[in-house]
Amino acid sequence: MSLLYPEFLWALLLNIFPVIIHLFNLQRHETLYFSDLTLLKNIEKETKRTSKIKNIILMILRMLMISSLVIAFCLPQNDNASLSDISANSIIGIYIDNSCSMLRVSETQTILEKTKDDVMKLISNQNKNTKYVLTTNDKYSNKSYPISQDQLIKEIPKIERSSYSLNINEILTIQKEQANNQFLSSFWFTDLQKKDFDLNQTKLDSSISVNLIHYFSNNTSNISIDSVWFSEKSRKLKTEDKLNVKISNYSDNKVEFQTKLLINESEVITQGLNIIEGLESKIITFNFIVNSPGYKNCKLEISDSPFNDQNFDDHYYFTYSIDEDYKVLHLKEHESNIEQPLKILFESIEKTEFKSVNIKDGFTADDLHADLIIVDGITSFKSELIDGLINNENRDENIIYIPNNHIKNNKYNPIINSFNIQLLSTDSNKKYMDENKIDPSFFKSVFGKKENNLNLPYFKNNYKTRTGSSCVNLLSFQNEDPLLIKNEINGDQLYFFTCPLNSLNSNLINHALFVPIFLKIKENCSRDFIRQYKINDIPEISMNGINQQSGQVTVDNNLESPNYSFFPIISTKQGNSYINCQNQIKNDGHYYVKENDSLINSFSTNLSRSESNMSFFSKVEIINTLKNSPNKKMFNYWDSSEKKTKKKFDKK
């Protein structure tokens, strides 16, 4: 038995008060003389003796009550569990928490290094024939079988910071599997970060006994870069871009910190000085100009030392691309009165190339190689056109479809049908677009201010439709029929207008909304979005036109001289190619996808920010939690800083 707070034992001195009260009751009393009371003398002696005994008993009870309260406040602990006398168990479990928070410094070394030292001391006291299961947060690297003491001694120095963190149930499950469900006496070396140790949600298991060895660091301050995004979706050459960065401060103190943005290491370098209040999240901005096209590998850095030594979240990686030319293709088979407004619009946009093709005059596969294709009133769908628009396996297509006035020629339309849109009938009633039925996320900056009696475009004829569940109505009429429908299937996007846009049917091409509507569609179809993933949640990444032949496609961590490279798993789904990098990337940074040493794509990875919040169990909190937990018999608590724990590690 030991006491959590032995310093409270001084309160035992309070026992002097019952003694004082007892002595006060024994003070001499004044004697009064009466007439002969001989018959009462025996009763008096008897009563006096009984009173003295009662007073002594009362004093003892008072002292016991005070002592009990004092010891209760000292929080006694059961020391029956032992850290070293465990040789009777054939298998011992060792869990080393190697998450990012374990890199905090305690005294002169990181907590992770301390745990490794203590594990080495612990196992040195065990029988040479004892078997071990070693578990770290790198769950895909853990050995699935028990290892010998000599093997464990070789493995421990290799343990480094992990990009992952396991919760309490994951640790229990993994260790049971490693031990093949044999009874396990396990030792967990951890800083008990609250997000991972919810004891009340732990599944009770009588086949495992856990010793929690708790490590501390006084440094719990931290600020982190949480996320980044551009104010505008479309990236432009030689035009100022605005990058937004969210910074969070997890300490109570106001912190002054420096920020730096690097693009392609030296193409753009900009920095600034900022201040963030305690427990505040703040958005700061960077304004910069890029002068050349291609992939932009960016790195954000903050410097706030000496306020924290938790620096994994002091840098943030992201990648985006800028194409030299954005190609817009207008397909028609008759004269179109919206061709000229489209041409004026897109030719006015920097790095945008506009081309109109009449399919009756013939077209080539190169003609269909465009970033955005506008299909304007076409009714003749030859196989070459269909293959180029919706059966192209080498790239994702972005299509704007504008129907003509003849429903019979549109009802069985292979393009819109492939996007789960069917035309049912026509409605020839004149109608107006409804300002209240505009998708706010898509047209966020177009309709910023709501005005009464707003002049909106009219439409005379529109198609009634039946759509799939994945379709989204971006614009609608006042009768709630859709005007503009969006659907995305396997990377291909369709924007379908339910009515012709020619001047006989609508005034949209002469309306002020014509330009922002088509601009927003173009922005959402641009490929210059940010590519960034969490290391522990990297999805399958779509790649256009890659070859599946073994050994041709690699992922490298450096463009010129990589020190880490691997062959990703390549799969094809409904004509689209994807690479799978899950569990193959362990460090944050930029990664480059190459085919035969030619760069075909790039992306960035970051460590999860769940470790950024410096919220840990205190000694009192974890002990009280264990006492109130239905699983309290599973766990024994040890404070790594206490002498009794250190002695057990050092025991020979």
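Predicted model: local features only at pLDDT ≥ 70, side-chain atom pairs only at ≥ 80, totals over all residues.

Author: Residues are numbered from 1 along each chain as its sequence is written, and side-chain values use heavy atoms, with hydrogens and water left out.

Reader: How many salt bridges does the chain have?

Author: A salt bridge here is a side-chain nitrogen of Lys or Arg within 4 Å of a carboxyl oxygen of Asp or Glu. By that rule, the count is 20.

Reader: How far apart in sequence are the parts tied together by Glu611 and Lys195?

Author: Their side chains meet in a salt bridge, 2.9 Å from N to O. Glu611 sits in the loop between strand E34 (598-606) and helix H10 (619-628), and Lys195 in the loop between strand E7 (184-190) and strand E8 (208-214), so the parts tied together are 416 residues apart. Helices (H or I, at least four residues) and strands (E, at least two) are DSSP runs, numbered from the N terminus.

Reader: Is Glu611 buried or exposed?

Author: Buried means under 20% relative accessible area, exposed over 50%, partly exposed in between (1.4 Å probe, protein chains only). Lys195, at 34%, counts as partly exposed. Glu611 has a relative accessible area of 4%, so it is buried.

Reader: Which strand holds Asp639, the partner of Lys619?

Author: The two side chains meet in a salt bridge at 3.0 Å, N to O, and both residues are buried. Lys619 lies in helix H10, and Asp639 in strand E35.
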